[in-house]
Amino acid sequence: MKTYITFIVLFSFAIGIRAHDLSGTVTNEDQVALEGVGVYNKTTGGYTYTNVSGYFELDDISVGDAIYFYSLGYKNHQITISEELLDGKINITLIESAVSLEQVVLVSKVNALSNFVNVDVKANPVKSSQEILRKVPGLIIGQHAGGGKAEQIFLRGFDIDHGTDLAINVDGLPVNMVSHAHGQGYSDMHFIIPETIDNIDFGKGPYYANKGNFNTAGYIDLKTKRKLDENLISAEVGQFNTLRTLGMFKVAESDFSNAYLATELVLTDGPFDSSQDFNRINIMGRYTFNNRENQDLSITLSHFQSKWDASGQVPQRAIDAGLIGRFGAIDDTEGGNTSRSNILLNHTKQLDEHSRVKSKAYLTKYDFELFSNFTFFLDDPVNGDQIRQFEDRTIIGAETSYEHSIHVGDHDSQLKYETGIGFRYDDVNDVQLSHTKNRQELLERLAYGDVDELNAYGFFDVTYKKKKWTLNTGLRLDYFKFDYVDKLTETYDSKSENKLFLGPKLNIIYAATSNLQLFAKSGIGYHSNDTRVVTANNGKEILPLAYGADLGAIYKPIDKLVVNAALWTLFLDQEFVYVGDAGIVEPSGKTRRLGVDFGLRYQINDWLYANGDVNYTYARSTDEPDGQDLIPLAPDLTSSAGLSFLDVGNFSGGINYKYVKDRAANEDNSIVAEGYFVTDLNLNYSIKNWTLGVIVENLFDTEWNETQFATESRLFNETESTEEIHFTPGIPFYLRGKISVNF
C-alpha cells in the first residue's frame, strides 16, 4: 500500500530536478537531545521537528537557504546552506534563553496559532486550575458551586456546560466524562497542578482526525513538565481564610531518566456568607526515560480529592427584597465531594529516521457526589427541591499510532501520514439522581442505574507539503456501544444500543510568504449523548454531527508581532439531551453559528509582552422563528488581553482583563445575562532563589455575576413561581500573598 501511494504521488508531483536534504541532531548545552525542536527553511517554507533522539531531516535544500532552529526557551539558531552542507549531517546546540515571541516561527501546520499562544502561557503562567482554560483565545469559564465543581465553559457561541463540545486531554489522558451524573462531557480540571503545566495545544472546530468525541467547538491538549530544573516550595495566604501550599521535588535524576513529585493543598472559605469550607489535595508523580536514540517512556501517577460547601445560584428578587445579600444563600447545604486517581503510560518508539510508533494506556478511578438546589421550593414546598447526583466510575483506555514520512519528487516535497486505533471503556456504577433533604435524608430516587459505554475508533491522517502548499486530509471512524441497567424497575431492565460515526477532514494551508499564512479548514465532528438518552431514544439521533469550516490568516510582519484572524461557521444536527439535573430527555434542535476571531501578540521589547483577543459569534436555532431563536447564554462578544513583564530589576508580573458582553438568557431575550469586565493583577519580586509575590483577582472590586441562568423557582414565602436570572456572584477584590523558594 505504501509503495502504491508513493508511486501515485511521484507520478503527480515529481519534477525531475535533483533536490537535496539536510539532516543532523539538536542538543542543549549539556549535550542532551532535544525533541520537538523546529527546523525551518525560511527560503522555501519547509519545516520539520526533531524526534526523541534529537534527529531531524529537512528536504528541498539549496545553497543559500536560511535554516532556523527554534524552540521556546532557547535562542534561535540560524545557518546558511553552503555546498559543504548539501546532503550532509550537522550537530546544533541550542542555548537557553528567556521565552520570547521571536522564538516562534510561522510554519505551515494546521494549528500554528498554538505555538504563539504558548508564549502567553510562559510569559504569564497560570496561577490556579481555573485559569488553565482561559489561555485559549475566546474561551471563558464560570464557577458556580463553591470551587469544587467543574467550571462552566463558553467557546464559539456555545454554552458548553462542563465540556459537551470541547475535547480536553492532559498528556493524552481524557478529561471529559461520558454519561456523567451531572452532565455530558463533564470536565473537572482540578486534578492538574498549575505549576506542572509546560505548554498547551489547541484547535478550534472539528478538523482533526486524531480527535474524537466532544471535538465540535474544538479541543485542548495540555502538556505537563517532563522534568524539573529545580525543586520548588511555595505558600500562598490571602483573604477569605485562603491557604495554598505547593511542593515540586526531584526524586531521581540520571543520564537517561528522571522522576519528580508534585503536591498541592488548597483551603479557603470563599467570600460567601456561609463558609465554603473548601479543601483540595493533589499529588502527582512522574518517571521519564529517554535513551536518546529511539525510545521515550513516561509513567504518570496522580491522585486528587476535594470537598466543599456551596451557596449555589441565587435569585435576583431575593436580593432586591433584602432577604439575602449578594453573597448569601437560599439553601446553604449545597456542595459535594469528588476524587480522581490516574495511571498513565506514554511510549514512543522511533523505528528509523522516518517512522515511529506512539502508544498510550490509562486507568482512572473516579467518584463524584454533588448536592444542588436550583428551584428551592418549586416542586416540594415542604422539604425543598435539593437533589443529589452520584456516581462511581472506572475508565480504561489505550491508543497506538504509526507515523511515517515519505520523500516525494526527489526530495522536493514530503508526504507524512499517521494511522491509529484505540478504545475507551467507561464502567459507571450507581449513577443516580435523587431528591434529598439537608444532604442526609433520601426522599426519592429519580434515576438510578449502571452505565457501560465503549468507544472503539480508528483514524487516518495524511499531510502533503510541496513548496508553499500544505494539504491535510483525514478520516475518522468511531464505534459506540451503550449499555444501561435501570435499577428503579422491579424486574431486570437492561438496554443496549450501538452507533457508528464516520467523519472526513480537509485542511489547506498556503504560505503566501515566510510571514503570511492563509488557511482553509473543514470537517465533520460529533459529541456523543448520555447513555440514558441513547437507550431511551432507541439509538436515534444520538450522535449529532457538527459541520464546520474556517477561513483565516496568521501574519507575522516582524519577529516581535503576530496577528491572527478567522471567519468560521459551525452547524449542528438535531439531538436529544439528557438533563442530569431533572432526569428528563429534551430535544435541542438544529443550530448554526457564524463568527469572527481576531488576535494580536506583541513582544514590545525583551522584558514587556502584550497579547489580546476579540471574538464575535452569531448563534441561532434554525428550527425556531425569528425572535424566538436565540441560544440561551451563548456569548456573542468576548475579549481578553494582558500585559506582562519579566526581569525588570528584580520585578516581574502582569495585568489582564476578561470581558463578556450582555447576552440572552432565554430564547426571546426577555431575560438578559449581564456582561462584565474584570481585571486581575500579579506582581513578583525575586531575591536570589526566593520570590515574594502578590496576586489580586478583581483589582477594581467590580460587582459581576460569574455564572447566570434563567430559572423558574419559588422561595419558601412565595405562593407563585417566578422565572428570572439566578446567578453566582463573581469573586470581589481578592488579595493573596505568596512566597516561594527554588533550590
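Helices (H or I, at least four residues) and strands (E, at least two) are DSSP runs, numbered from the N terminus. Leu-692 is partly exposed, with a relative accessible area of 43%. On this scale, buried means under 20% relative accessible area, exposed over 50%, and partly exposed in between (1.4 Å probe, protein chains only).

Setting aside neighbours within four places in sequence, Leu-692 is in contact with Leu-683, Asn-684, Tyr-685, Lys-738 and Ile-739, where contact means heavy atoms within 4.5 Å. Pro-544 is 148 residues from Leu-692 along the chain, and their C-alpha atoms are separated by 50 Å.

## About the model

Please keep in mind that this is a predicted model, in which local features need pLDDT of at least 70 and side-chain atom pairs count only at pLDDT 80 or more, while totals for chains, interfaces and linings use all residues. Residues are numbered from 1 along each chain as its sequence is written, and side-chain values use heavy atoms, with hydrogens and water left out.

## The overall fold

The protein has five helices and 43 strands. Its radius of gyration is 26 Å, close to the 27 Å that the globule rule gives for 743 residues, so the protein is as compact as a globular protein of that length. The radius is taken over C-alpha atoms, and the rule is 2.2 Å times the number of residues to the power 0.38. Along the principal axes, the C-alpha atoms fill a box of roughly 90 × 60 × 50 Å.

Of the 743 residues, 57% are buried. Among contacts between residues at least 6 apart in sequence, 63% join residues at least 24 apart. The protein exposes about 29,700 Å², and carbon and sulfur atoms supply 56% of that area. These areas come from the Shrake-Rupley method with a 1.4 Å probe; for residues, only the protein chains shown count as cover.

## The second largest cavity

How many cavities of 30 Å³ or more does a search of the whole structure find? The search finds 12. A cavity here is a set of points on a 1 Å grid over the protein atoms alone, where a 1.4 Å probe fits but cannot get out; lining residues have an atom within 4 Å of a point. Grid points are joined across faces, edges and corners, and a volume is the space filled by probe spheres set on the points.

The second largest cavity holds about 440 Å³ of space. It is lined by 32 residues, and the closest to its centre are Arg-134, Lys-135, Ser-640, Asn-656 and Tyr-657. Elements that each supply at least two lining residues include helix H2 (113-123), helix H3 (131-134) and strand E36 (651-660). Strand E35 gives the most, with seven residues. The lining divides into 13 nonpolar, 10 polar and nine charged residues. For this count, Ala, Val, Leu, Ile, Met, Phe, Trp, Tyr, Cys and Pro are nonpolar, Asp, Glu, Lys and Arg are charged, and the others, Gly among them, are polar.

## Helix H2

H2 also deserves a look of its own. This helix is mostly covered, with nine of its 11 residues buried; among them are Phe-116, Val-117 and Asp-120. The cover over the buried residues of H2 includes strand E13 (197-204), strand E29 (545-558) and strand E34.

## Loop residues and positive phi

Leu-699 lies in the loop between strand E40 (690-697) and strand E41 (705-713), and is partly exposed at 22% relative accessible area. Beyond its neighbours within four places in sequence, Leu-699 is in contact with Ile-655, Thr-679, Leu-681 and Phe-733. Leu-699 and Phe-733 are 34 residues apart in sequence and 5.8 Å apart in space, C-alpha to C-alpha. Glu-718 lies in the loop between E41 and strand E42 (722-729), and touches Arg-317 and Ser-713, not counting residues up to four places away in sequence.

Most residues other than glycine have a negative phi. Which way does Phe-214 go, positive or negative? Its phi is positive, near 75°. Phe-214 is found in the loop between E13 and strand E14 (218-224), and counts as buried at 2% relative accessibility. Asp-430 also has a positive phi, near 55°; Asp-430 lies in strand E24 (residues 413-437) and is partly exposed, with a relative accessible area of 24%.

Conventions. On a 1 Å grid over the protein atoms alone, a cavity is a set of points where a 1.4 Å probe fits but cannot get out, and a pocket is an open set with protein on both sides within 12 Å along at least five of seven lines; lining residues have an atom within 4 Å of a point.
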